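Colleague: I've got this one open and I'd like to go through it with you, bit by bit.

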Amino acid sequence: MSRELAPPPDTDLENALRPSTSRKKVSLACLACRRRRTKCDGGVPCASCLSRNTECVKDEYDDGRRKLAVKRRLESLEKDRHLLDALLNALGTGGPNQLHALISLIRSSAGRQELASFLENGFGGIGEVGVQNHRHETSSPTYRRHRARLGRIQDIVNPPISVPANPWTTVTDDDDFVSHLMSLWFTWAHPWWHWVDEALFLEAMRSGDTSSLICTPYLVNMILADACLLDTLEEDGTDPNMVIREHFYNEARRGLDAQEGEVSLAMVATLGVQWTYLNINGQDKLGNGVLYQQIFLSKSLNKWRQRIAQRSSMTPEFLAKIDFCLCQLEWTLYALNPLIGLALKQVRVFDRPSRPKPTSHSVGCAQHQPVCWTPYPIPYTSVEWHPTCHYLAFISLAEKATLDETLFEEKQQSDSEVAKDKFAKVYHEVEDWPAHLPGCMKLHDRAMPHVIALHALHSWVNVTISKQTAALDAGHSSRPSLAETPQSSAQSHWMEVCIAASKNISNLLEQIRLNWGADHFPVIIMQPATIAAFTLLEQLNDRPESQEAFFKLCVILRAASRRFRVSRGVLRLLRHKVKENGVVLSDECYRLLADYDTRMDVDQKVRATMDNIGLEYLLEKWDDLDLDEV
């Protein structure tokens, strides 16, 4: 007689897992909702605009309560006034060659920041040859497009990170654009993937030394390519960086090829960025190939470290920095285990690092220096957060999830009572994980997006463990599917756990959308959003109370589909499963999925691209979904 792995929940899990957030009062409806006279939920974009696929724009200056927006407008006007004064002064005092250079710069659609810099440097000593060269460089359509677009962005908010374009990339010499992309990447991607140490990498990049062991041209180009996927979309929803993104990526690939397999810290870090780039772009099969290469090469990093330590120019201080970077890189690789184990059908892709964790928050977070974080490029009041605490919390969750995967494999091979006891212990440890977080990682009404996403990942792990447990208790030896949770009379409560955790994911992602917008968010939320949507859909006809949570997830996936190909595949499969299983949706949810399906049918070019690339993410993971009929 089998033993229960965990007692049935005594309390309402849905209420226990639900974040204690109150729906914020919408102080300003978007222009489209005003015109349609429909209710606006305050999200950016709002659910109404996402359902109708219309542009969601707010004129925040119409709202007198938005003091920050008014302050930023005044600051922008003040900068424009100073620029006008500088131009008038230049026209009155400049020489012929200087004025010629200034006029050429203006006619090349230069942005305000470039003009201001040009004037501050006293016309830069540009002669006739320099004028012709500059005119040629700034006349290309690509350069003008980015410069004009960046001018619009930087009228609102300046990049928090400033780095040079030269000598790191030949794709562009626009320092503003490179700084903009680096700011995007360190704001939204780096908090999860510490392929590089932010402070040491930026220090090396600003030095301009291309022989650096921490920063190389091919690593910079790969980060810039990845950051292009995080940039602000055009008003019509199109990607403004499609062409230049490919140039960055190809230059990074050429740099990697030139290394001819010679292992280094920068090379392994570049492969990590390449893996995230390919996955965001929906190219999981190619990304997994890069991942295997990274696994193989990362095992030689210790030998590389021994070689550079013998250099006569190597100082103990710099070697300590290299060790710190290696430590972060290895633990980031280890944190991939729960995210890719299902796709690669392996338990532990990366072994536990021999190096200690970079730091420990066992004594709380007081020892860690907080930083000011803003959701760049969105103009928003900065919030305090602790990136080290977030990184360590993410690693601790990955540790527990990896241990669960290991025990799942052990239990598949043995029905011993010892294995069941171990699995029950891991389950309860994962459940209690939030209670052991430092205060800065706790949920609250104004939690920043990365903290909210961290708790969404925790709920995702709960769903995964519950599905595994349900499969084992039902006598299934294979891994549970995305679309179906095995049930047995003895352990039917695992479905309740899955439903409650999926609703919690829906509430958390809705909190990100309403408080921080859906144009920019941590890409890692795609994993919990997908599994939660399919889990709720599984019993939606029998649980009408789950309709609202399911609709919220569809709104998030619809917003993500404008940027990430993988989300397009998820939405299309959701629509397919709705038809296949005869699921009755709410009117608003039906319109959202039907409208998306119609638009995909109309745009055959986009649909073909998605079929060839975007669905690889799902093909790799969930064989139970029959895509031939989609």
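**A threonine and what it touches**

Colleague: Which residue's backbone nitrogen does the side chain of T332 reach at 3.4 Å?

Modeller: First, this is a predicted model: local features need pLDDT of at least 70 and side-chain atom pairs pLDDT 80 or more, while totals for chains, interfaces and linings use all residues. Residues are numbered from 1 along each chain as its sequence is written, and side-chain values use heavy atoms, leaving out hydrogens and water. A polar contact is a pair of N or O atoms within 3.5 Å; within protein, one must be able to donate a hydrogen and the other to accept it, and sequence neighbours count only if both atoms are side-chain atoms. At 3.4 Å, the side chain of T332 reaches the backbone nitrogen of H194.

Colleague: Is T332 buried or exposed?

Modeller: T332 is part of helix α16, residues 316–335 (helices, H or I of at least four residues, and strands, E of at least two, are DSSP runs numbered from the N terminus). Its contacts (heavy atoms within 4.5 Å) are W192, W193, H194, W195 and Y391, leaving aside residues up to four places away in sequence. Buried means under 20% relative accessible area, exposed over 50% and partly exposed in between, with a 1.4 Å probe and protein chains only. T332 has 1% relative accessibility, so it counts as buried.

**Rings**

Colleague: How are the rings of W373 and W516 arranged?

Modeller: Rings of Phe, Tyr and Trp (its six-membered ring) pair if their centres lie within 6.5 Å; planes under 30 degrees apart are stacked, over 60 edge-to-face and the rest tilted. That rule gives eleven aromatic pairs. For W373 and W516 the centres are 5.7 Å apart and the planes are at 70°, so the pair is edge-to-face.

Colleague: How many residues apart in sequence are the parts that this pair ties together?

Modeller: Both partners are tucked away: W373 is buried at 5% relative accessible area, and W516 is buried at 5% too. W373 lies in strand β1 (residues 371–373) and W516 in helix α21 (residues 493–516), so the parts they tie together are separated in sequence by 143 residues.

Colleague: Which ring has the charged end of R446 over it?

Modeller: A charge sits over a ring if NZ of Lys or CZ of Arg is within 6 Å of the ring centre and within 35 degrees of the ring normal. K357 does this with W331, at 5.6 Å from the ring centre. For R446 the distance is 5.8 Å, and the ring is that of W516.

**A covered helix**

Colleague: What is omega for the cis peptide bond that joins Y376 and P377?

Modeller: Most residues other than glycine have a negative phi, and most peptide bonds are trans. P377 is in the loop between β1 and β2 (383–385). Its cis bond with Y376 has an omega of about 10°.
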